[in-house]
Amino acid sequence: MMDKEGGGKFGHKGGISGIFFILIAGACWGSIGIFVRKFNSLGLVSMDIVAVRSVFTAVFMAAFLAVYDRSLLKIRLRDIWCFAGTGIVSMVFFNYCYFGLIRISSLSVAAVMLYTAPAFVMLLSAVIFHERITAVKVAALVLTFVGCCFVTGVVGSRVHLTGRAILLGLGAGLGYALYSIFGRFALMRGYHSFTINLYTFLFASLACIPLVDAGKIFTVCTSNLSMAVFSVLCGLVTTMVPYIAYNFGLAGVETGKAAIIASIEPVVATLIGAALFGERPGVGNIIGIILVLAAIVLCNLKIDIFTGEL
């Protein structure tokens, strides 16, 4: 059954386990490039891939919960806004802004703008959940953002941002951040991580399906057995597993810290690019990886001198 922190039968107390779950989530998100490249080569665009991830995840979770624990399929009508928030306000809005930014800018710029999300999470969490903004958090946030700039290669390149690009980038960061906020609200209302995951992607599916060519997506995903398996893995590895893990992590880690820890994502993406696609990381990439890892460590150190509020 559900408990206050959303852990249910897989419940846990915070600390190391919460950090571990969030690192798992970030690592899974970092693998998305593998799937995006394959789908792109077959003619699917970004929003098509969002639809694939959302639909597969919603179907998987509904089938799993029907067998595992049907009580987790139930939600209260008055709490629908939480799931509309994670699924539509966060997932669909974030992807719309992010992919719009990619169309008018570069992937590296889009990735860096996306990592304004931890700042949004920290500020919103301070206002809504009264989480303290400490010197450690701010230092970790700065390290994370600078590290992402290095990892993505923006540092040292000539970057020109238009007003529209900045707005889309901030929209992507805000949308990305809102998942943590709405997800925390759902946890506070006693919902299990599995339930949050199901209804997040049910709402996301309903919102994004009208925006894509469903027939084309179905044809690509069912063209042969290997593509069917590949599509299932996309839903599992890049969506179902990481979002469940992230929700479990949120039950034991402050929302602001969780957003910083999840920034392991671009580090994993860079390492996968080097291992699978021959994309050699340069000195700047390595510096960025070190800075992001340092931010994650710093975020979880308890140093009394830094714990005062700013």
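The following paragraphs describe a predicted model of a protein chain, from its overall make-up to single residues.

Because the model is predicted, local features need pLDDT of at least 70 and side-chain atom pairs count only at pLDDT 80 or more, while totals for chains, interfaces and linings use all residues. Residues are numbered from 1 along each chain as its sequence is written, and side-chain values use heavy atoms, with hydrogens and water left out.

The protein chain has 14 helices and zero strands. Here helices (H or I, at least four residues) and strands (E, at least two) are DSSP runs, numbered from the N terminus. Read from the N terminus on, the order of elements is α-α-α-α-α-α-α-α-α-α-α-α-α-α. Of the 310 residues in the protein chain, 51% are buried. The term buried means under 20% relative accessible area, exposed means over 50%, and partly exposed lies in between (1.4 Å probe, protein chains only). The protein chain exposes about 14000 Å², and carbon and sulfur atoms supply 71% of that area. Accessible areas come from the Shrake-Rupley method with a 1.4 Å probe; for residues, only the protein chains shown count as cover. Among contacts in the protein chain with a separation of 6 or more, 87% are between residues 24 or more positions apart. A contact means heavy atoms within 4.5 Å.

Ala177 is found in helix α8 and has a relative accessible area of 0%, so it is buried. Leaving out residues up to four places away in sequence, Ala177 touches Ala117, Phe120 and Val121. The C-alpha atoms of Ala177 and Phe94 are separated by 8.8 Å, although the two residues are 83 residues apart along the chain. Thr195 lies in helix α9, which covers residues 193-208. Thr195 is also buried, at a relative accessible area of 0%. Not counting residues up to four places away in sequence, Thr195 touches Leu65, Leu72, Lys74, Ile75 and Phe83.

Next come the charged side chains. The structure holds three salt bridges. A salt bridge is a side-chain nitrogen of Lys or Arg within 4 Å of a carboxyl oxygen of Asp or Glu. Asp79 forms a salt bridge with Arg76, with 2.9 Å between the closest N and O atoms. Asp79 also meets Arg189 in a salt bridge, at 3.5 Å from N to O. This second pair links distant parts of the chain: Asp79 is in the loop between α3 (46-68) and α4 (80-104), and Arg189 is in the loop between α8 and α9, 110 residues apart. Asp79 counts as buried at 3% relative accessibility, whereas Arg76 is partly exposed at 29% and Arg189 is partly exposed at 32%.

Glu254 forms a salt bridge with Lys137, and the closest N and O atoms are 2.4 Å apart. This pair, too, links distant parts of the chain, with Glu254 in the loop between α11 (225-250) and α12 (255-261) and Lys137 in helix α7 (residues 135-152), 117 residues apart. Glu254 is partly exposed, with a relative accessible area of 33%, and Lys137 is buried, with a relative accessible area of 3%.

Glu254 is also one of the residues in contact with Arg184. Arg184 has its place in helix α8 (residues 163-188). Arg184 is buried yet has no salt bridge; the nearest side chain of opposite charge is that of Glu131, 4.1 Å away. For charge, Lys and Arg count as positive and Asp and Glu as negative, while His and the chain ends are not counted. The side chain of Arg184 reaches the backbone oxygen of Val253 at 2.7 Å. Leaving aside neighbours within four places in sequence, the contacts of Arg184 are Phe129, Glu131, Leu250, Ala251, Val253, Glu254 and Thr255.

The last topic is the cysteines. A disulfide is a covalent bond between the sulfur atoms of two cysteines. For this model, a disulfide is a pair of cysteine sulfur atoms within 2.5 Å. The structure holds zero disulfides. Cys148 is in no disulfide, and the nearest cysteine sulfur, that of Cys149, is 7.2 Å away. Cys148 is buried, with a relative accessible area of 1%. Cys299 likewise counts as buried, at 0% relative accessibility.

Technical notes
A polar contact is a pair of N or O atoms within 3.5 Å; within protein, one must be able to donate a hydrogen and the other to accept it, and residues adjacent in sequence count only if both atoms are side-chain atoms.
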